[in-house]
Amino acid sequence: MVTELFKDKKAPYICTPLVGKSREALIHELEMILPKKPDIIEWRADFYEEIADTHSVLLTAKAIAEVTELPFLFTIRSEKEGGERIPLTEKGVVDLLCEICRNSDVDLIDFEVSNEPEYIQTLRKVATENGKKLILSYHNFEYTPHHTEIMKRLIMAEVYGADFAKAAVMPKNKEDVLRLLALTKEMDDRMQIPIITMSMGSLGALSRVNGWMYGSVMTFGVGGQSSAPGQIPIEKLKQLIDLSQETLVDW
Ligand SMILES: O=C1C[C@@](O)(C(=O)O)C[C@@H](O)[C@@H]1O
């Protein structure tokens, strides 16, 4: 399933966020980023100034899909998990995500696993009916919770039928980063779906480079502007990953 979306590319897939506020800014950002060769584009639509105008959002999604055939991830990150403040209720977000599933060329959508179970079930159904993949995610911009807490979120994502389970947490020290990596390996061994994990901030940047060694299939790199602390520019991220994959053959 992962390879079907990413053709025969090897994990980790480098995802780069688009955070422009307008259609023009987003297209400009995208054109600047494409030569850097990311594997997937994430539109962080919570930055979009016309987020409350469904027609405008659909037109912009169309404009993005016309510029690139790369896998296209659509995310409205909730404010409570580190996103921008937007004039939509949780129900409004779900309605918009349903519209995106039905009427756009987006390939994947992201929704927080802490949202209402009923909304998650709706999105799972609508995404499936329209051939879209669902990422169920968990973010903690304050600290790295106890591993049982992070595991619980990843398992919940799988139970809800996600195609990918994702967790992004903030470390306070190096031990937190190492804990996240060990947990990634453990969960990758236990779970049936691919997982995506990252430790944020400057300390956590290590996990963006070597998370793949522990089973994380995606890493977020900066193309234009970062969407979370600790993201590394795509070019450097690619070099570091390529070099380690070439040399550390048993990982
Ligand atoms: O969830 C994630 C991961 C992320 O928070 C990061 O830490 O790279 C960046 C977000 O844009 C994305 O939606």
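In strand β5, lysine 133 is the bridge partner of leucine 108. The model is a predicted one: local features need pLDDT of at least 70, side-chain atom pairs count only at pLDDT 80 or more, and totals for chains, interfaces and linings use all residues. Residues are numbered from 1 along each chain as its sequence is written. Helices (H or I, at least four residues) and strands (E, at least two) are DSSP runs, numbered from the N terminus.

Leucine 108 belongs to strand β4 (residues 108-112), which five bridges join to β5. The two strands run parallel. Helix α5 (residues 117-129) packs on the sheet and touches β4 and β5. The direction of α5 makes about 145° with that of β5. Axes here are lines fitted to C-alpha atoms, for helices over the stretch in contact, and angles run from 0 to 180 degrees between N-to-C directions. Strand β3 (residues 72-75) is joined to β4 by three bridges, and these strands also run parallel. Leucine 73 has leucine 108 as its bridge partner in β4.

The strands form an open sheet of nine, with parallel pairing. Their order is β7-β6-β5-β4-β3-β2-β1-β8-β9. The edge strands are β7 (195-199) and β9, each of which pairs on one side only. Two strands pair if DSSP finds at least two bridges between them.

Strand β4 is mostly covered, with five of its five residues buried. A residue is buried if 20 or more other C-beta atoms lie within 10 Å of its own, exposed if 12 or fewer, and partly exposed in between; C-beta atoms are placed from the backbone. Both faces of β4 are covered. Leu108, Asp110 and Glu112 are buried on one side, and Ile109 and Phe111 on the other.

UniProt lists His139 and Lys166 under "active site", in an unreviewed entry. These residues are spread over 28 residues of sequence, yet they cluster in space, with a largest C-alpha distance of 8.4 Å. UniProt positions are given in the numbering used here, feature names are shortened, and annotations may be inferred rather than shown by experiment. Histidine 139 is found in strand β5. Histidine 139 counts as buried because it has 23 C-beta neighbours inside 10 Å. Not counting residues up to four places away in sequence, histidine 139 touches Glu81, Gly82 and Ala168. Two residues are in contact if their C-beta atoms, placed from the backbone, lie within 7 Å. Lysine 166 is found in strand β6. Lysine 166 also counts as buried, because it has 24 C-beta neighbours inside 10 Å. With residues up to four places away in sequence not counted, lysine 166 touches Ile135, Ser137, Tyr138 and Ile196.

The "binding site" feature, also from an unreviewed UniProt entry, covers Glu42, Trp43, Arg44, Arg77, Arg208, Ser227 and Gln231. Tryptophan 43 is placed in strand β2 (residues 40-44). Tryptophan 43 is buried, with 26 other C-beta atoms within 10 Å. Neighbours within four places in sequence aside, tryptophan 43 is in contact with Leu18, Ile64, Phe74 and Thr75. Serine 227 lies in a loop, between β8 (218-222) and β9 (232-233). Serine 227 is buried, with 22 other C-beta atoms within 10 Å. Its contacts, leaving aside neighbours within four places in sequence, are Pro17, Val19 and Arg44.

The ligand is surrounded by 16 residues. Pro17, Ala168, Phe220, Ser227 and Ala228 are the closest. A residue is near a molecule or strand if its C-beta atom, placed from the backbone, lies within 6 Å of it. At least two residues of the shell come from each of β2, β5 (133-140) and β6 (164-169). The shell divides into six nonpolar, five polar and five charged residues. Ala, Val, Leu, Ile, Met, Phe, Trp, Tyr, Cys and Pro count as nonpolar, Asp, Glu, Lys and Arg as charged, and the others, Gly among them, as polar.

Two backbone features concern loops. A cis peptide bond joins alanine 11 and proline 12, with omega about 10°. Proline 12 lies in the loop between α1 (2-5) and β1 (13-18). Lysine 37 has phi near 60°, a positive value in a residue other than glycine. Lysine 37 is found in the loop between α2 (23-33) and β2. With 13 C-beta neighbours inside 10 Å, lysine 37 counts as partly exposed.
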